[in-house]
Amino acid sequence: MMQFTHFNQAGEAHMVDVGGKAITQRVAVTEGFIQMQPETLKLIIDGGHKKGDVLAIARIAGIMGSKKTAELIPLCHPLPITHVDIAFSHDLEKNHIRCQATVKTNGQTGVEMEALTATTCALLTIYDMCKAVDRGMSIQAVQLMEKDGGKSGHWQRQ
């Protein structure tokens, strides 16, 4: 059985030593959704929100969040991120917006946490900007979809 890597032999939390790992290109893709009332979704899509372009601001928040991950997650390594892409799509039948984040680096550890943080920050920003008109919004299914690089290689959600 695999062991948790963030605990030492004594069971104490520690930062994993990645110093001996090879520097390779690392990529992670995550997604998440924010469910809302149809009127809220229409307001976002039509650009009618009085605070401005909700998705443009959420995109910036996602990029910023990816770069701040090591400050938020205690045992996460600070990484030199080389690229972040935040893409949004909407579904009028399901009344949700999908956020997909792709994060890249050349490093000794992966960027899964940075991509998950990017997706979460973008969705939280949508919530923050729209809560005055729809407090019942729900953030759902934030998850890793794909990662590549390093010793473990490629992984993709089925």
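**A walk across the sheet**

Start by selecting β1 (residues 24–35) and β4 (residues 138–148): the two run antiparallel and are joined by eight bridges. Strands here are DSSP E runs of at least two residues, helices are H or I runs of at least four, and both are numbered from the N terminus; two strands pair if DSSP finds at least two bridges between them. You're looking at a predicted model, where local features need pLDDT of at least 70, side-chain atom pairs count only at pLDDT 80 or more, and totals for chains, interfaces and linings use all residues. Residues are numbered from 1 along each chain as its sequence is written, and side-chain values use heavy atoms, leaving out hydrogens and water.

Zoom in on Glu31, and you'll find Gln143 of β4 opposite.

Now show the whole sheet. It is open, with five strands ordered β2-β3-β1-β4-β5 and antiparallel pairing. β2 (81–91) and β5 (155–156) are the edge strands with a single partner each, so one side of each has no neighbour in the sheet.

Next, pick helix α2 (residues 54–67), which packs on the sheet and touches β2 and β3 (96–107); contact means heavy atoms within 4.5 Å. Its direction makes about 145 degrees with that of β2 (axes are lines fitted to C-alpha atoms, for helices over the stretch in contact, with angles from 0 to 180 degrees between N-to-C directions).

Stay with β2 and β3: ten bridges pair them in the antiparallel sense. Phe88 has Cys99 in β3 as its bridge partner.
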